[in-house]
Amino acid sequence: MQKSPILIIGNGISGVTAARELRKRTQQRIVLLSEEGPYMISRPALMYVYMGHMPAHQIEPYERNFWSKNRIELLHASVQSIDPQAKAIRLTDGREVSYDQLILATGSRPKALGLANENAPNVVQLYHWHDLEKIESLTHSFGASPTDYKVRQAVIVGGGLIGVELAEMLHTRGIQVTMIIRDAHFWGSQIDAQEAALIQQQLEAHHIHTIYSSSVEALTCEDGRVIAVRTSGQETVPCQLVGITIGVEPQSALAHEAGIACEKGILVDDRLCTSDPHIYAIGDCAQLRHPGPDRKSIEAVWYTGKMMGETVARSIAGEPTSYDPGLWFNSAKFFQLEYQTYGRVSAQPSEHEHHFFWRDASGRQAIKVSFQPHTGRVLGLNSWGVRMRQERAQVAILGGWTMDELMQQLSSFFFDSEFTPSIHHAIVAEYIAQPDLISHPQ
Amino acid sequence: MSALFRPLAMYLSGLILIISFYILHRAWLPAAALLVIAVAFVWQSQRDYLTRPAGIVHHGVFFKDISSRGAVGWALGFLLTALYVCLYWFPALLGKAPAGGSNTGFIHFFDAISMQLNGQAATEWFAYGTCYTYLIVLFGIRFIMKYRHNVYHRRRTVVIILSQLILAYFLPEILESFSQGQAYFDKDIKNIWPLNYDFFYTWHLDNMQTSSLGMFYFVVGLAMFLVVTPVLTYLVGKRWYCSWICGCGGLAETTGDNFRQNGPKGVLAWKIERISIHVVLVLVTVMTAVTLYGYFSGTDEIAGLSIYAHFQKPYGFFIGALFSGVAGVGFYPLLGTRIWCRFGCPMAAYMGIIQRFKSRFRITTNGGQCISCGNCSTYCEMGIDVRAYAQKQQNIVRASCVGCGVCASVCPRGVLKLENGPLANRISPDEPLIDLLQRTK
């Protein structure tokens, strides 16, 4: 009898990476199951389909013949339950699929506000393909004059990365967007007011309204649709569409019901194995029992999913490997403003972490470097409107460079296109102008 | 509405000037019409781009009929194709003068301009060259507005415009006016063999030898092919030519920008392209070798085959006219702007071999920042699946890359950078992200 396959639930970046890396190492059958659609899509690219930058099929990162060529069996189905004892899963259509090893890559789901009327047909999130279809159907009619839109005003609740993507999307259809943001400035949990000012400049240039230090108290409904949002500041914002983008949480229900240990997410050890030795969890749905220094137990970002997929494939293929994501990094784009971050850069400075900030005169470019106050050792850096070379940032931060060393080597850090005017002299000049930045011990 | 009205009114004025020319026959009217239309176009472009914050503006590219192979795209494709067919084989339909007569219609429109520049009535090729240059200048200005936030694109496009305007248009026309009555030879210095396939034709070699200017062009032409091209391609990749000075590339980069996303993608197109472009390189080499054999041995036959009828004529018809001209530009809206450059250009094939195996040029991928969105692959005019490399953390080293830099510009995560650097480690291994990041610790 043929051995049961390695079964992967979820065809996002984590599940697909696991499948690809497994195929490089084993001849065993690999089944990749997804509820959303048979072919992987790049979730961050959904916005480009909506804005007409890309055709829908182009957000599939692999050509469709890739899967059969690599003998990765695609299964478009949804899972009812997992039976760890029988090493099998039951599908909602009644079928059973047994597995040799099971990888849960079920991803996350958008958090809900917990308010009445949140299920109204004109309340949307931005996560799945069907979310995009819903937004499209509510706001269809690209190219018509603005007065023809069914949706003329939209409210977005939450000022994070997805919120700003949704704002950019709706803006391209001529919709007036208001963002309701909990913090006193944009992305308050991650950045300081000086950095937020760069994002604010983008929002204003694109005519996005912002209401800060506010949350949503109620969604006012009429005929089953939300017609206005009432804020904690008792402002009422009329709208024909509401976007809820207050973050995501791990999708762990299946595992939880199967008796696998879960907290916020599916708990995994260093090898990404769950409490069941034949079941692994990777990507957004996984919660690390022992995250590394300066890393969180749940990190819903693209590349950690990829690295977890690579790690789990090794372990399953007989090369037990501990998950080690190394230095934290990430990137995003706020309308036309690109952002990159490497290492530890807290929103606000502290006793153990001081900040150096440089901004160009136009306010379109900025650099923030965090360092240890006494040693001057570089801890991390944020770049705004400036592209940084990841390899250089890694070397500097992991190599324990001091601020002086960083400034000496700065010209090799930039990754912007050729001929871009050099900003490193301006940054170094700003650094020299602050001689008391590093308080050397007596 | 009133904002749209002003460029529209100017376009209409331009149209009225054109009609007036055919009624009144004043010599200054064509230039005036072209000028008014140019002003309207620049005006409209600044409203399209300068009124928005600087950055990537591709909103609705795949919703608009013209840029997503819709009905308007197809209609434009047919129109362009028909124009090229007329130009090559039925110039009389464009108003070319019958023997002893004078031009009418489309070509007549360019008579006065031609008279100013080279002292002769317009030919169909002068009319074509003027339109071609006009389009590169206007759409080049538009492209600069669209990418005004990026110095690479600004510089590249200024060079494209100047190369076309000066090297390909004014300089040859003015030199022509100084050498009237002398034997004709090609005076576009950047039109290099094997793209310029008649460089070694007997009449061309003979004509170049009749003047010192001709000898200069002969020596430079040889040096461009033998020295300048390999050296520059080694140093910076084929982009120095394809997306900076080439005329075919110039039209693609400027006028064609709206259609760059329509090139066929995928592995199949890549397979076809690798075969077809090298077949053309072999064909032009064989045809030229036979031509030179004929030149040096003073014969017009080889092994009983006529060099003209069996080699030069078919190459000129199928490759020179049908492929590079009619299909190369006619199919812009349907197959993207680099059909000829990807599938046919022997100059691109020659530089591509150098770029792939011995060049400092590559597109670097920045660590693990790629999110597989696919903007790079979508807007690659050469149909390269840039994402396939970027999502595996690999540098992009491909023979076909013309170095336009648009992939790097449309990337929302700062992942791609065109660079020249040492040959060592230029081609990245297939290495998982966890290993790459461990290695750079």
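Select Ser315(A), which is buried at a relative accessible area of 7%, where buried means under 20% with a 1.4 Å probe and protein chains only. This is a predicted model, in which local features need pLDDT of at least 70, side-chain atom pairs count only at pLDDT 80 or more, and totals for chains, interfaces and linings use all residues. Residues are numbered from 1 along each chain as its sequence is written, chains are lettered from A in the order in which they are written, and side-chain values use heavy atoms, without hydrogens and water.

Ser315(A) lies in helix H8 of chain A, helices being DSSP runs (H or I) of at least four residues and strands (E) of at least two, numbered from the N terminus. Leaving out residues up to four places away in sequence, Ser315(A) touches Arg271(A), Pro320(A) and Thr321(A), with contact taken as heavy atoms within 4.5 Å. A polar atom of the Ser315(A) side chain is 3.1 Å from the backbone nitrogen of Thr321(A).

Next, select helix H1 (residues 13-25) of chain A. Because 11 of its 13 residues are buried, H1(A) is largely enclosed by the rest of the structure; what covers those buried residues includes helix H8 (302-316) and strand E1 (6-9) of chain A.

Finally, move to chain B and show helix H6 (residues 124-146) with helix H7 (residues 151-178), which pack at about 160 degrees with their axes 9 Å apart. H6(B) and H7(B) are therefore roughly antiparallel, a term for angles over 145 degrees. Among the residues that meet are Phe126(B) and Tyr132(B) in H6(B), and Leu165(B) and Tyr169(B) in H7(B).

Methods:
The expected span of a helix is 1.5 Å times one less than its number of residues. Buried means under 20% relative accessible area, exposed over 50%, partly exposed in between (1.4 Å probe, protein chains only). A polar contact is a pair of N or O atoms within 3.5 Å; within protein, one must be able to donate a hydrogen and the other to accept it, and residues adjacent in sequence count only if both atoms are side-chain atoms. Axes are lines fitted to C-alpha atoms, for helices over the stretch in contact, and angles run from 0 to 180 degrees between N-to-C directions. Angles under 35 degrees count as roughly parallel, over 145 as roughly antiparallel, 65 to 115 as roughly perpendicular and the rest as oblique.
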